[in-house]
Amino acid sequence: MSDKKVFVVFGATGTQGGSVINSVLSDPAAAQEFRIRGITRDPSKPNAQALAARGVECVAGEIGDKASLTKAITGAHSVYAVTNYWEKMDQKLEFEQGKNIADICKETGVQHLIWSGLFNVTKLSNGKYPNVYHFDSKANIESYIREIGVPSSTFMPGFYMSNLETMLKPSPQPPHAYTLALPMPPSTPIPFFDAAADTGKFVKAMLTKRDKVLGKRVYAATEYYTAVDVPKIFSEVKKEAGKGASFVTIDKDTYKKELTGAGMPEFAAQEMYENMAFMDEFGYYGKESLDWSHSVRFWLTCRSRVLT
């Protein structure tokens with residue numbers, strides 16, 4: 001319908017963007033209020049075509065090209081924006097990409113930019129951990145968005161549960177029990193998050209409750225679990241494979257050697273080490289509670305009950 005608000009979703013065929021689109025389309029009230037414009041590099045690809053078949057307007061957009069961004073964003077009421085640092089591992093490039101999105105949102109009068117951001121670890125740690133670039137660049141973009149006055153809120157994803165698929169490894173020694181080995185104490189609180197299942201739940205609530213979240217950060221995580229909890233849960237879920245699963249604290253050099261041995265550049269290995277190390281000392285979310293962020297999802301539940 002022409003009177004629907006246009007909701008632009010970047011990374012439409014990716015994990016976060018795809019989750020957002022699925023969540024909005026599966027909610028009759030949200031789908032009635034918003035028409036989705038999915039931004040992807042190539043709308044002709046099968047994943048984009050599948051979205052188009054569900055009523056999504058798939059538009060080509062390149063975040064390094066302001067002309068294509070203008071076309072993609074013009075007419076939008078709300079925008080969900082996410083960038084991928086790990087594609088090029090370039091902090092300055094990621095900032096420019098986010099800045100481009102923010103500038104076009106400002107120019108075209110977007111009413112709500114939902115930015116997928118993270119904390120500035122350099123500031124959070126008082127300079128102790130200055131190399132967690134994929135956090136800092138997103139935080140700098142958030143600051144820029146606020147500086148230029150774009151109406152916005154920040155969606156902050158937690159630690160991806162999917163990362164555990166590569167982190168939990170069977171020991172080379174019999175009985176080959178799975179081990180989670182990280183450079184952090186066993187008691188380190190980690191805010192876990194299922195990107196595919198949960199991104200859309202939080203973002204849809206932010207989208208439909210704009211006035212309650214403007215200027216705020218939403219911490220998107222299911223719960224805080226300690227590092228030692230992870231293998232315990234794994235052993236409960238995978239009763240056979242998880243027998244004897246455990247957590248081991250390893251030192252910085254051992255951790256970095258494992259990463260560089262798998263082909264990761266030295267600077268990225270240092271970044272990942274600092275990413276793990278800062279969580280115990282300073283907290284993934286600065287040691288803040290998840291309660292208010294969970295209440296955002298509660299608002300959505302209440303809204304659905306009222307409308308049904």
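**Exercise 1. Which residues line the second largest pocket, and how do they divide by type?**

Step 1. Lining the second largest pocket are Met161, Ser162, Leu164, Glu165, Leu168, Phe192, Tyr225, Val230, Ile233, Phe234, Val237 and Lys238. A pocket is an open set of points on a 1 Å grid over the protein atoms alone, where a 1.4 Å probe fits, with protein on both sides within 12 Å along at least five of seven lines; lining residues have an atom within 4 Å of a point.

Step 2. Helix 9 (164-167) and helix 12 (229-237) are the elements that give two or more residues to this lining. Helices are DSSP runs (H or I, at least four residues), and strands are too (E, at least two), numbered from the N terminus.

Step 3. By type, the lining has nine nonpolar, one polar and two charged residues. Nonpolar covers Ala, Val, Leu, Ile, Met, Phe, Trp, Tyr, Cys and Pro, charged covers Asp, Glu, Lys and Arg, and the others, Gly among them, are polar.

A note on the model: it is predicted, with local features needing pLDDT of at least 70 and side-chain atom pairs pLDDT 80 or more, while totals for chains, interfaces and linings use all residues. Residues are numbered from 1 along each chain as its sequence is written, and side-chain values use heavy atoms, leaving out hydrogens and water.

**Exercise 2. Which residues of helix 4 are buried, and which are exposed on the face turned away?**

Step 1. Ser68, Leu69, Ala72 and Ile73 are buried in helix 4 (residues 66-73); buried means under 20% relative accessible area, exposed over 50% (1.4 Å probe, protein chains only).

Step 2. The face turned away from the buried side carries the exposed Ala67 and Lys71.

Step 3. Just after helix 4, glycine 75 has a positive phi of about 95°.
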